[in-house]
Amino acid sequence: MNRNEPNDATPDAAPDAPHRHFIQQIIDMDVASGKWGAPGDRSVVKTRFPPEPNGFLHVGHPKSIVLNFSIAAEFGGSCNLRFDDTNPEKEEQAYVDSIIDSVRWLGYQWPGCVEHATPGEPAFYEGVRFASDYFEQMHAWACELIERGLAYVDEQTPEQIKLARGDVKKPGTLSPFRDRPAPESLAEFRKMTEGAFPDGSRVLRARIDADPVSKNPAPMASPNMNLRDPVMYRILNRAHHRTGATWHVYPMYDWAHGLEDSIEGITHSLCTLEFEAHRPLYDWFIRAINGEIPSPGAVPGVSRTAPREPRIHHPQQIEFARLNPTYIVTSKRKLRQLVEDGHVTGWDDPRMPTVSGLRRRGVTPEAVRTFCAGVGVTKFNAVHDVALLENAVREHLNKVAPRRMAVLDPLKVTITNWDRETEWFDIPNNPENAADGTRRVPFDSVIWIERGDFMEDAPNKFFRLKPGGEVRLRGAYWIRCNEVIKNDAGEIIELRCTYDPQTRGGDNPPPDAEGKVRKVKGTLHWVSVAHAVEAEVRLIDRLFLAEQPGKRTGDPVDDLNPESLKILNGCKLEPSFAAEGEGLTLLKEPGWSDGIRRFQFERLGYFCLDPDSTPGRPVFNRTVNLKDSWAKANK
RNA sequence: GGGGCAUUAGUGUAACGGUAGCACGAGUGAUUCUGGUUCACUUAGUCAAGGUUCGAAUCCUUGAUGCCCUACCA
């Protein structure tokens with residue numbers, strides 16, 4: 001590309017060009033140089049999201065999902081969803097379904113993906129790749145490597161192998177089987193494949209000699225332990241959730257992963273930092289298959305030495321730092337412990353940092369994507385403030401969530417001078433967007449207000465209701481508190497107030513005789529007692545109290561927030577939640593991409609309808625509270 | 001007694017040898033029929049020491065600190 005060409009500035013050369021992270025920069029250069037195709041052809045870029053189906057996706061995974069899919073979209077290439085199902089001991093079909101579901105929920109599609117398919121039906125899996133689909137090919141390549149003297153069957157016990165590997169500071173010792181004749185290894189490997197041996201009795205190992213490219217100084221002496229004759233296949237006489245009883249040997253991740261990417265033509269294999277030290281091994285395997293590693297003279301019976309044609313595709317691996325949010329654990333083991341020990345109700349408990357938990361909590365896929373894009377892509381082990389996620393959630397929900405009034409902790413208020421029938425007010429669904437229309441809310445002589453919105457001995461700064469004080473009831477009237485009624489125990493059970501007819505709709509009353517306008521500082525939400533819908537509301541708070549759970553004692557359980565879930569019963573909702581009719585208009589709701597109904601309960605926070613709801617009894621989860629500068633000031 | 005990677009306001013992230021910006025957080029004020037939203041302002045930073053250079057967050061050296069690597073897990 002001629003950089004001196006006048007006036008032909010590329011878009012990314014503009015002074016205000018958006019920042020491109022280091023992975024985008026690498027891909028930009030690869031595209032420009034024609035590394036994978038015709039120079040400048042952006043559509044050659046192929047990525048993939050390669051989860052192992054051994055658990056549920058957690059908050060960390062979307063970063064990788066967003067990265068891989070958005071890069072493919074940006075370049076006009078494609079991103080595969082591929083399961084790394086090489087370990088039948090840990091993997092299950094149920095996890096496959098859950099992961100596909102989560103990726104779909106996040107809003108991404110892979111080549112061949114069929115929209116709106118449900119788990120279990122064939123369309124749901126359309127286009128999804130599986131490492132197990134490539135087992136045959138990988139096995140054939142392994143046999144080639146054996147024939148070329150680059151892999152051997154080792155009959156040592158796992159303990160012997162471990163010991164002989166040495167450690168990071170000391171070289172290991174060579175296996176006595178390392179130089180056995182190639183045909184012998186091949187015969188053994190075939191017998192392993194047929195199921196002739198018990199688990200753990202033999203493995204296929206790569207035979208890695210000194211090699212300048214991977215910086216291996218000598219056999220079994222690399223400071224990179226991954227290069228000390230790693231295991232390629234182990235015997236597992238066990239059925240696989242997809243291939244059934246076909247196989248008795250299964251490939252190890254290090255052998256399989258790079259080959260899966262190669263088979264799919266992945267150009268950029270994006271993964272997390274801990275795989276950095278594995279990259280030389282992946283590269284060695286591909287080079288070996290491509291005939292770039294010479295056959296060792298020490299192995300007798302080498303039957304083929306010719307380089308393989310055509311050569312297989314060699315993807316480029318690039319590592320980035322994983323997502324690491326505060327107040328959250330992401331280790332699969334620790335998440336499992338939370339579920340199994342009953343600290344939460346399940347993998348989709350709204351407090352769980354799983355994708356299904358976030359979804360049930362009411363977090364939107366849009367917010368998750370914004371959050372992931374916001375944390376950036378670097379090689380720095382960062383700690384990400386959850387406030388950033390919460391901010392993304394509030395930002396999205398504030399724009400689109402319909403407003404409703406809900407009283408969580410009700411206190412009865414009687415309007416003593418109300419002498420009319422029910423009055424219906426049209427209240428905006430969302431002050432942020434007039435196009436969202438209005439809903440009808442009934443006002444009557446007895447209403448509920450939030451217990452916390454009244455104080456008998458209120459400080460000066462308390463703008464809400466107090467004896468003798470006046471507040472606005474949102475969208476209705478101003479009321480003044482004249483009387484506080486208590487029970488025998490001294491608890492406030494009712495407030496007796498008067499309303500001002502001149503404040504209809506909540507507007508300011510006209511100026512008095514001297515031209516002074518009466519003002520009120522507080523506006524309260526309220527619900528008519530006669531029309532209220534009863535609901536259960538689950539106040540979700542962070543699961544852990546510590547920024548980095550478990551750092552203190554080693555066990556995150558010690559940092560659990562005992563108040564992470566408060567279940568409130570007898571909450572009062574305005575009746576527009578119920579069915580239409582009786583002068584009610586159901587409010588217009590946004591087209592939620594996942595069908596989950598979310599609302600802002602005015603002055604309280606964002607809430608979503610939980611699947612536990614029944615027709616007569618809605619259940620809501622609090623996704624996140626509204627910012628509350630009053631509560632903050634009182635801390 | 002090895003190797004790899006990293007280090008910029010409280011947190012995260014830009015600046016790619018040439019003015020250290022942005023977002024979140026925190027704080028102050030204004031607006032507001034949500035103590036929400038919005039708006040304005042304030043806050044605070046190149047891990048350390050040397051070197052190269054007219055000029056260094058950026059390049060080099062040394063050190064410090066953090067993370068990762070010694071599964072027949074991924």
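Two strands pair if DSSP finds at least two bridges between them. With that in hand, here are close-up views of a predicted model.

**View 1. β10 sits at the edge of an open, seven-stranded sheet.** The strand order here is β10-β23-β24-β25-β21-β22-β11, and the pairing is mixed. The edge strands, β10 (403-404) and β11 (406-407), each pair on one side only. For β10, two bridges join this strand to β23 (residues 598-601), and the two run parallel. Look for R404, which stands opposite F601 in β23.

**View 2. Helix α13 packs on that sheet.** Residues 386-400 make up α13, which touches β10, β23, β24 (605-609) and β25 (619-625). The direction of the helix makes about 115° with that of β25. From its first C-alpha to its last, α13 reaches 22 Å over 15 residues, close to the 21 Å expected at 1.5 Å a residue. Which residues of α13 are buried? They are V386, L389, A392, V393, R394, H396 and L397. An α-helix has 3.6 residues a turn, so residues three or four places apart point the same way. The buried residues of α13 pack against α12 (365-375) as well as β10, β23, β24 and β25.

**View 3. Another open sheet of seven strands runs in the order β19-β16-β17-β18-β12-β15-β20.** Its pairing is mixed, and the edge strands are β19 (523-524) and β20 (526-528), each of which pairs on one side only. Over two bridges, β16 and β19 pair in the parallel sense. Within β19, T523 is the bridge partner of R472.

**View 4. Two hairpins follow one another through β16, β17 and β18.** Three bridges pair β16 with β17 in the antiparallel sense, and E470 stands opposite R480 in β17. Four residues lie between these two strands, and G475 in the turn has a positive phi of about 75°. Moving on, β17 and β18 (residues 492-500) are antiparallel over eight bridges. C481 has C497 in β18 as its bridge partner. In a regular strand the side chains alternate between the two faces of the sheet. Five residues separate the strands of the β17 and β18 hairpin, where G490 takes a positive phi near 85°.

**View 5. The rings of W418 and Y477 meet edge-to-face.** A search of the whole structure finds 24 aromatic pairs. In this one the ring centres are 5.8 Å apart and the planes stand at 65°, so the pair of W418 and Y477 is edge-to-face; the cut-off for that class is over 60 degrees. W418 lies in the loop between β12 (410-415) and β13 (423-428), while Y477 lies in the loop between β16 (470-473) and β17 (478-486), so the pair ties together parts that are 59 residues apart in sequence. Are these residues buried or exposed? W418 is buried, with a relative accessible area of 8%, and Y477 counts as buried at 1%. Zooming out, ring pairs link W418, F425, F443, Y477, Y499 and W526 into a cluster.

**View 6. Arginine charges sit over aromatic rings.** How far is the charged end of R242 from the centre of the ring of F130? It sits over that ring, 3.5 Å from the centre. The charged end of R369 sits over the ring of Y108, with 6.0 Å to the ring centre.

Key. Residues are numbered from 1 along each chain as its sequence is written. Chains are lettered from A and ligands numbered from 1 in the order in which they are written. This is a predicted model: local features need pLDDT of at least 70, side-chain atom pairs count only at pLDDT 80 or more; totals for chains, interfaces and linings use all residues. Side-chain values use heavy atoms; hydrogens and water are left out. Rings of Phe, Tyr and Trp (its six-membered ring) pair if their centres lie within 6.5 Å; planes under 30 degrees apart count as stacked, over 60 as edge-to-face and the rest as tilted. Buried means under 20% relative accessible area, exposed over 50%, partly exposed in between (1.4 Å probe, protein chains only). A charge sits over a ring if NZ of Lys or CZ of Arg is within 6 Å of the ring centre and within 35 degrees of the ring normal. Contact means heavy atoms within 4.5 Å. Axes are lines fitted to C-alpha atoms, for helices over the stretch in contact, and angles run from 0 to 180 degrees between N-to-C directions. The expected span of a helix is 1.5 Å times one less than its number of residues.
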